[in-house]
Amino acid sequence: MIFLRWWLFFCLTILAATVSYYFGFFYELYDKDATKLSFVIISIYFMASLYVGKLTYDQRSNKRYETGMNASWFTSEVLLSLGMIGTVAGFILMLGDSFGSIDTANPETLKEALSSMALGMSTALYTTLVWLILSQALKIQLVNLESGAEND
Amino acid sequence: MTKKNNDRFKSTTGLNDLLFNLLVGFVFLFVVAFLLINPPTKKEEAPKKAEYLIIIEWDEGINDDVDLWGQRSTRGNSIVYS
């Protein structure tokens, strides 16, 4: 039963990813996230999600269930930390190179500086958005797995 | 859910991240406001009283002397700019 719940959730995740791709979310993510950390987070999430699925499928026979659970919880924290790293990297991008070439009398340099700052800001916000969604999605799968283990 | 497992939900990294994002937003707004405090002033241009503006341009490397001659049709006086 818990494996079916996991399967349903996984299929919904795939559906959400497909809809996002259809609406061009990934292209926008590629453009706006200068560090590309969002794609690292997405990759880790899918690998961890498949691993949780494997744990859910054979939890009774799996001797390394407890270790796997701890590793999966740790992975959800890693997603979160990667999001934090993306935020800090975006902050550095925003403040790093933006001000060197500013000439207050020239609107073009102001425009360039602002667009450079906007890229850093979008990097920070997009990585946060991605880890917020995916970390919660992974935790939902883990809570499902734990609830099944307690019922047994 | 055991008590040990509840500790897993006590991570504050997420809150720190969101607070950091707030900071990023405020810094962005501050910088934008700071840049707009002193808008670039336009240099005052001298009023142009001329009704006709004749411009002659030439390449920098040419050896010829380029002059501009003008003549009014009514009086016939010539003006030269060289």
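**Exercise 1.** Find out whether A:Gln136 counts as buried, exposed or partly exposed.

*Solution.* Start with the cut-offs: a residue is buried if 20 or more other C-beta atoms lie within 10 Å of its own, exposed if 12 or fewer, and partly exposed in between, with C-beta atoms placed from the backbone. Now count: A:Gln136 has 13 C-beta neighbours inside 10 Å, so it is partly exposed. (Helices are DSSP runs of H or I with at least four residues, strands are runs of E with at least two, and both are numbered from the N terminus.) Finally, look across to A:Ser76: A:Gln136 is 60 residues from it in sequence, yet their C-alpha atoms are 8.0 Å apart in space.

A word on what you're looking at: this is a predicted model, where local features need pLDDT of at least 70 and side-chain atom pairs count only at pLDDT 80 or more, while totals for chains, interfaces and linings use all residues. Residues are numbered from 1 along each chain as its sequence is written, and chains are lettered from A and ligands numbered from 1 in the order in which they are written.

**Exercise 2.** Work out how α1 (residues 2–22) and α3 (residues 37–57) of chain A pack.

*Solution.* First the geometry: their axes are 9 Å apart, at an angle of about 160°. (Axes are lines fitted to C-alpha atoms, for helices over the stretch in contact, and angles run from 0 to 180 degrees between N-to-C directions.) So α1(A) is roughly antiparallel to α3(A); that label needs an angle over 145 degrees, while under 35 is roughly parallel, 65 to 115 roughly perpendicular and the rest oblique. Then the residues: α1(A) brings, among others, A:Trp6 and A:Phe10, and the α3(A) side includes A:Val52 and A:Tyr57. Contact here requires C-beta atoms, placed from the backbone, within 7 Å.

**Exercise 3.** Which residues of the largest nonpolar core touch the most other members?

*Solution.* A nonpolar core is a set of buried Ala, Val, Leu, Ile, Met, Phe, Trp, Tyr and Cys residues joined through C-beta atoms within 7 Å. The largest one has 18 residues, and those touching the most other members are A:Ile41, A:Tyr45, A:Val52, A:Leu79, A:Trp131, A:Leu134 and A:Leu138. By helix, α5(A) gives the largest share of this core, seven residues. Zoom in on A:Tyr45: leaving out residues up to four places away in sequence, A:Tyr45 touches A:Leu79, A:Leu134 and A:Leu138.

**Exercise 4.** How many residues of chain A are in contact with chain B, and which helix gives the most?

*Solution.* Count the sides: 23 residues of chain A are in contact with 17 residues of chain B. The helix giving the most on the chain A side is α4(A), with eleven residues. Now follow α4(A) to helix α2 (residues 13–37) of chain B: their axes come within 9 Å and cross at roughly 15°. So α4(A) is roughly parallel to α2(B). Among the residues making this contact are A:Met84 and A:Phe91 of α4(A), with B:Phe20 and B:Val24 of α2(B).

Key. Contact = placed C-beta atoms within 7 Å.
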